[in-house]
Amino acid sequence: MPDFPYINARVRAMRSRLLDPGRMEELLVLPTLDAFLQALNTTPYARDLQEALARFPALQAVDAALARNFYQTTTKILSFADGTARALIEIVLMRWDLMNLLVILRGKHRGTSGEEIAANLMPAGSLNEAALRDLTGQPDIPAVVGAFSGLEHVFAQPLAAGLSEYAEGKDLFALELRLERFYVQHGLQVARGRGHSQQVVRALLEAELDATNVKTALKLQGAEIGAEAKIRFFIPGGRIVTEEVFLLLADARTAEQGMKWLRVQGFPVKTAGGDLTAFERELDLALIRAQTRLYLGDPLGIDIVVAYLALKYNEVKNLRLLARSKPLGIPRDVVRREMVVV
């Protein structure tokens with residue numbers, strides 16, 4: 001039965017195909033999208049790019065090629081594993097299933113075009129390109145829920161359960177919270193136990209949940225609602241963000257008291273400042289860097305898989321950013337600042 005020593009040996013070999021910082025810099029300084037396409041065609045993304053260019057215009061082809069390459073990467077890693085190791089990797093990959101589902105729900109809620117929704121999806125885990133295309137093609141959220149019920153995915157039940165509440169008040173955030181809560185509870189249940197890899201996955205889920213709760217609380221500072229209403233946005237299960245800390249952060253008058261508690265507990269971002277977007281970016285970067293540092297973790301555990309997936313996803317996001325910057329003529333210094341360097 002393949003376990004992490006075998007899986008990690010395969011994943012280490014895959015890491016050698018990631019683009020190094022020098023190659024990313026070469027792609028950054030290219031002046032046009034055509035030049036970028038030619039250069040990308042000499043990387044491990046070449047075959048996916050050539051197939052995509054036969055179906056889509058240039059920029060859309062880059063999105064499709066990167067998405068397909070990432071999906072194939074995740075399914076390849078899954079093919080190395082079975083048993084407990086596979087179940088734990090599936091929980092890690094399920095985060096992308098959740099992200100994709102939220103992108104589709106938000107797009108349908110706002111009336112965003114299917115093309116624009118598709119440009120922001122990143123297939124991984126059990127939701128492949130065809131499944132996401134089918135969901136994106138649905139006319140509205142009830143239709144998405146109906147189509148999702150046929151996928152035999154664990155999110156189908158909480159999604160269906162939240163549909164009636166959404167239909168009554170069009171409260172998309174409540175539906176999103178239901179899915180977030182389910183993911184954490186399901187993940188913690190699958191990753192129960194004292195094994196090292198189970199502990200790594202639980203720590204990953206808890207750190208992401210703490211970050212989500214902090215972001216949500218800070219956004220609630222401007223909401224004219226009481227504590228009882230605010231606390232319904234809290235998702236339990238994190239490591240350091242309790243209901244009490246959440247409410248401190250959700251009130252501008254007590255937010256610094258909450259941040260002080262977070263600093264004492266080792267939260268990766270020390271101050272919220274006045275720019276919530278910058279704070280969220282700094283927090284996301286801290287989480288990615290924490291995951292990539294796991295590459296130096298236990299060679300017999302899931303550490304290397306988590307780190308590699310973070311590195312690969314970050315590379316794909318940076319390549320998407322580079323491609324989109326070319327037709328717009330965005331200065332390279334501006335693009336470089338937006339790239340996530342880990």
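## The nonpolar core

In this predicted model, the largest nonpolar core takes in 109 residues. Ile89, Ile302 and Leu319 are the ones with the most contacts inside that core. If you're wondering who supplies the most residues, look at helix H6, which spans residues 83-110 and puts in 13.

Let's zoom in on Leu319. Leaving aside residues up to four places away in sequence, Leu319 touches Leu19, Met24, Leu27, Phe36, Leu40, Tyr45 and Leu66. Keep Phe36 and Leu40 in mind, as both turn up again among the buried residues of helix H3.

## Helix H3 and its two sides

Helix H3 covers residues 33-40, and its buried residues are Leu33, Phe36, Leu37, Ala39 and Leu40. These sit on the same side of H3, because they cover an arc of only 165 degrees around the axis.

What lies over the buried residues of H3? The cover includes helices H2 (21-29), H4 (46-53) and H5 (58-79), along with H17.

Helix H17 runs through residues 303-328, and Leu328 is part of it. Is Leu328 buried or exposed? With a relative accessible area of 65%, Leu328 is over the 50% cut-off, so Leu328 counts as exposed.

Conventions. Residues are numbered from 1 along each chain as its sequence is written. This is a predicted model: local features need pLDDT of at least 70, side-chain atom pairs count only at pLDDT 80 or more; totals for chains, interfaces and linings use all residues. Side-chain values use heavy atoms; hydrogens and water are left out. Helices (H or I, at least four residues) and strands (E, at least two) are DSSP runs, numbered from the N terminus. Buried means under 20% relative accessible area, exposed over 50%, partly exposed in between (1.4 Å probe, protein chains only). The arc is that of the directions from the helix axis to the C-beta atoms. Contact means heavy atoms within 4.5 Å. A nonpolar core is a set of buried Ala, Val, Leu, Ile, Met, Phe, Trp, Tyr and Cys residues joined through side-chain atoms within 4.5 Å.
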